[in-house]
Amino acid sequence: MRLLITLLFVLGSLFSTVAMADDAEGKITSIDEDNDTITLDDGKAYKLPGEFDYSAISEGMKVMISFDVVDQERFITNIEEAEDAE
């Protein structure tokens, strides 16, 4: 039993990178296709999924995104155009 508990602690420490999910909304201020990132008007960069269709987004577009944070990098899991409340 002690071996099992010790093994669980060792495995837990190996996977210490915790992914946290979050949401953000804002206007796209820049699109960097070379690095697969967009920057919102909050000043933060968000990594797009591989083989993303860049024709679906444009600078100035208001978007809502869901993302996971892994090692302080934000990976987009979902992106949608947001309705403008203006």
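**Contacts, strands and aromatic pairs in a predicted model**

In this predicted model, T37 is in contact with S30, I31, D32, Y46, K47 and L48, leaving aside residues up to four places away in sequence. T37 belongs to strand 2, which covers residues 37-40. The relative accessible area of T37 is 15%. Since buried means under 20% relative accessible area, T37 counts as buried.

The other residues of strand 2 were examined in the same way. In a regular strand the side chains alternate between the two faces of the sheet. Strand 2 is covered on both faces: T37 and T39 are buried on one side, and I38 and L40 are buried on the other. Strand 2 pairs with strand 3, residues 45-47, in the antiparallel sense, and the pairing has 3 bridges.

The protein chain as a whole contains 1 helix and 5 strands. Read from the N terminus, the order of the elements is α-β-β-β-β-β. The protein chain has 86 residues, of which 21% are buried. Of the contacts between residues at least 6 apart in sequence, 44% join residues at least 24 apart. The protein chain exposes about 6400 Å², and 52% of this area is supplied by carbon and sulfur atoms.

For I65, contacts beyond four places in sequence are made with D22, D23, A24, L40, Y46, I76, N78 and I79.

Aromatic rings were compared next. A pair of aromatic rings is described by the distance of the centres and the angle of the planes. The count of aromatic pairs comes to 2. Y46 and F67 form an edge-to-face pair, with 5.1 Å from centre to centre and 65° between the planes. Because Y46 lies in strand 3 and F67 in strand 4, this pair ties together parts that are 21 residues apart in sequence. Y46 and F67 are both buried. F52 and Y54 also form an edge-to-face pair, with 5.5 Å from centre to centre and 80° between the planes. F52 and Y54 are buried as well.

With a relative accessible area of 44%, D22 is partly exposed. Apart from residues up to four places away in sequence, D22 touches I65, S66 and F67. D22 and T77 are 55 residues apart along the chain, and their C-alpha atoms are separated by 9.8 Å.

Terms used:
Residues are numbered from 1 along each chain as its sequence is written. This is a predicted model: local features need pLDDT of at least 70, side-chain atom pairs count only at pLDDT 80 or more; totals for chains, interfaces and linings use all residues. Side-chain values use heavy atoms; hydrogens and water are left out. Helices (H or I, at least four residues) and strands (E, at least two) are DSSP runs, numbered from the N terminus. Buried means under 20% relative accessible area, exposed over 50%, partly exposed in between (1.4 Å probe, protein chains only). Contact means heavy atoms within 4.5 Å. Two strands pair if DSSP finds at least two bridges between them. Accessible areas come from the Shrake-Rupley method with a 1.4 Å probe; for residues, only the protein chains shown count as cover. Rings of Phe, Tyr and Trp (its six-membered ring) pair if their centres lie within 6.5 Å; planes under 30 degrees apart count as stacked, over 60 as edge-to-face and the rest as tilted.
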